[in-house]
Amino acid sequence: AEPNYCSYIHKVLKKIHPELSIQQKTMVSVNSLVESLIAGLTDKSSRIAVSGKKGTLQARHVQGAVRLLMADKLANHSIAEGSKAVALFSA
C-alpha cells in the first residue's frame, strides 16, 4: 500500500492556519507532491551514501540530498527544521 500523508498535511495546515481548509483535489495533489519529494530525497540520499561507501544512511546524506534538490533558502530552512526535529526525537 502507498503511504498517505493526508492526515499529516491536514494537521500541519490546522496548526499553521487554523482558519483555512483544503479541498480534496488539492489534498490529493499535495499528497502526491510529498510522495515525490520523499522519493527524490530517498533516492538521492542513498546515492550519496553509496558513493561515500557507507552502508547506513546518515543525517548528513539526507542533508546533502536536500541541498541538491531544493533551492538555497528552502534547503537551509528544511535542514534547520529537520535538525530541530531530530534533536527533539532523540532527546
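Q: What is the secondary structure of the protein made of, and in what order do the elements run?
A: The secondary structure of this predicted model comes to four helices and zero strands, and from the N terminus on, the elements run α-α-α-α.

Q: And what does the C-alpha trace span along its principal axes?
A: The C-alpha trace of the protein spans about 45 × 30 × 25 Å along those axes.

Q: How many of the residues count as buried?
A: The protein has 91 residues, of which 16% count as buried. As for contacts between residues at least 6 apart in sequence, 33% of them join residues at least 24 apart.

Q: Before we go into detail, what is the average pLDDT?
A: The protein averages a pLDDT of 93, and 99% of the residues score at least 70.

Q: Which element has the lowest mean pLDDT, and which the highest?
A: Helix α4, which covers residues 72-90, has the lowest mean at 91, whereas α2 has the highest at 96.

Q: OK, on to packing: at what angle do α1 and α2 pack?
A: Helix α1 (residues 6-16) and helix α2 (residues 24-51) pack at an angle of about 105°, and their axes are 9 Å apart. An angle of 65 to 115 degrees counts as roughly perpendicular, and α1 and α2 are therefore roughly perpendicular to each other.

Q: Which residues make that contact?
A: On the α1 side the contact is made by Cys-6, Ile-9 and His-10, and on the α2 side by Met-27, Val-30, Asn-31 and Val-34. Sorted by class, the contact of α1 with α2 has five nonpolar residues, two polar ones and no charged ones.

Q: Staying with α1, which of its residues are buried?
A: Cys-6, Ile-9 and Leu-13 are buried in α1. Looking down the axis of α1, the buried residues fall within an arc of 60°, so they line one face of the helix.

Q: What covers them, and what is on the other side?
A: What covers the buried residues of α1 includes α2, while on the other side of α1 the residues Tyr-8, Lys-11 and Lys-15 are exposed.

Q: What is Asn-31 in contact with?
A: If its neighbours within four places in sequence are left aside, Asn-31 is in contact with Pro-3, Asn-4, Tyr-5, Cys-6 and Ile-9.

Q: Further along α2, what about Ser-45: buried or exposed?
A: Ser-45, also found in helix α2, counts as buried at 2% relative accessibility. Leaving aside neighbours within four places in sequence, Ser-45 is in contact with Leu-57, His-61, Val-62 and Ala-65.

Q: And what does Ala-49 touch?
A: Not counting residues up to four places away in sequence, Ala-49 touches Lys-54, Leu-57 and His-61. Ala-49 lies in helix α2 and is buried, with a relative accessible area of 5%.

Q: Changing topic, where is Lys-53, and what is its phi?
A: Lys-53 has its place in the loop between α2 and α3 (59-69), and its phi is near 60°, which is a positive value in a residue other than glycine. At 77% relative accessibility, Lys-53 counts as exposed.

Q: Last topic, α4: how accessible are Ala-80 and Glu-81?
A: Ala-80, found in helix α4, counts as partly exposed at 41% relative accessibility. Glu-81, which lies in helix α4 too, counts as partly exposed at 37%.

Q: And what separates them from Gln-58 and Thr-56?
A: The C-alpha atoms of Ala-80 and Gln-58 are separated by 16 Å, with the two residues 22 apart along the chain. For Glu-81 and Thr-56, which are 25 residues apart along the chain, the C-alpha atoms are separated by 22 Å.

Key
Residues are numbered from 1 along each chain as its sequence is written. This is a predicted model: local features need pLDDT of at least 70, side-chain atom pairs count only at pLDDT 80 or more; totals for chains, interfaces and linings use all residues. Side-chain values use heavy atoms; hydrogens and water are left out. Axes are lines fitted to C-alpha atoms, for helices over the stretch in contact, and angles run from 0 to 180 degrees between N-to-C directions. Helices (H or I, at least four residues) and strands (E, at least two) are DSSP runs, numbered from the N terminus. Angles under 35 degrees count as roughly parallel, over 145 as roughly antiparallel, 65 to 115 as roughly perpendicular and the rest as oblique. Contact means heavy atoms within 4.5 Å. Ala, Val, Leu, Ile, Met, Phe, Trp, Tyr, Cys and Pro count as nonpolar, Asp, Glu, Lys and Arg as charged, and the others, Gly among them, as polar. pLDDT is the predictor's confidence in each residue, from 0 to 100. Buried means under 20% relative accessible area, exposed over 50%, partly exposed in between (1.4 Å probe, protein chains only). The arc is that of the directions from the helix axis to the C-beta atoms.
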